[in-house]
Amino acid sequence: MMNQYMQLIALLEMSLTCAVVFILLLQKLLQMEFPFAARAVLVLLLGNLFFWPLGMSLELPLSAYVRGVTGDLSMVTLILLWGTLLPAAKKTPFGFKAPVALIALVFYPLALGFGMLDPYAWGYGSTGLLIAVVGFAILCGLVGWTKGIWIISIAIIAWAAHWHESANLWDYLLDPFLAIWALFAIPSAIYLKRREKARSGYLFRAG
């Protein structure tokens, strides 16, 4: 019974995520931002499309096939992604992306066996990891990004409540898609900074 409940939650989360990604891509393609009401309606319609089996040759919902490829996403990824559709949604600060990228660069090679240390094992009830995560949330608050506190707090609560099938805290905090997004943010930020500097130099260049 509990396993069926978790599977239902996972499919619902993936259906909403697929709907959000589809809307974001559609906005990018059309180069326009839909009103919040339109986004909410589209999320409901597309979420249902991905959640319910369509029949024909598809025995499972579309979200089940997507989940079979991507696996379950972390709570951090889900909240960041879903939050992009909210009105007046602000961009995630670089001060959050950079530490996530650095953690991913260290975590994934070690977790895959490149070294004697296995940080993934710390996710099974390690007090040290939990303290470090709480400390990172406090740091987000100190720099003024209160949304980060909520995101990390929800991820910890979901882990404590066994919201997903995994009992490892890392699976609620980090996933490959979040890592790739954070890693791409670093060269993107450097490029934007150089472009702004070049424009500034051009505007103030002596004529």
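**Entry 1, the pocket.** I started with the largest pocket, and its lining draws at least two residues from each of α1 (2-30), α2, α3 (62-70), α4 (75-83), α5 and α9 (176-203). Helices here are DSSP runs of H or I with at least four residues, numbered from the N terminus. This is a predicted model, so I kept in mind that local features need pLDDT of at least 70 and side-chain atom pairs pLDDT 80 or more, while totals for chains, interfaces and linings use all residues. Residues are numbered from 1 along each chain as its sequence is written, and side-chain values use heavy atoms, with hydrogens and water left out.

I noted a volume of about 1,500 Å³ for the largest pocket. It has 40 lining residues, and the closest to its centre are L24, L81, T84, K97 and W181. My rule, on a 1 Å grid over the protein atoms alone: a pocket is an open set of points with protein on both sides within 12 Å along at least five of seven lines, a cavity is a set where a 1.4 Å probe fits but cannot get out, and lining residues have an atom within 4 Å of a point. Points are joined across faces, edges and corners, and the volume is the space filled by probe spheres set on them.

How many cavities of 30 Å³ or more does the structure hold? I found one. The largest cavity has a volume of about 50 Å³. Its lining is A10, E13, M14, T17, D72, L73, L78 and H164, and α1 gives the largest share, four residues.

I checked the length of α2 (residues 36-51): its 16 residues at 1.5 Å each should span 22 Å, and its end C-alpha atoms are 22 Å apart, which agrees. The expected span is 1.5 Å times one less than the number of residues. Next I listed the buried residues of α2, which are R39, V43, L46, G47, F50 and F51. They cover an arc of only 130° around the axis, so they sit on the same side of α2. The arc is taken from the directions from the helix axis to the C-beta atoms. On the face turned away from that buried side I found the exposed residues A37, L44 and L45. Buried means under 20% relative accessible area, exposed over 50%, and partly exposed in between, with a 1.4 Å probe and protein chains only.

I counted seven aromatic pairs. Rings of Phe, Tyr and Trp (its six-membered ring) pair if their centres lie within 6.5 Å; planes under 30 degrees apart are stacked, over 60 edge-to-face, and the rest tilted. F51 and W52 form an edge-to-face pair, 4.9 Å centre to centre with 85° between the planes. F51 is buried at 15% relative accessible area, whereas W52 is partly exposed at 49%. I also logged one aromatic cluster, formed by F107, Y108, Y120, Y124 and W170.
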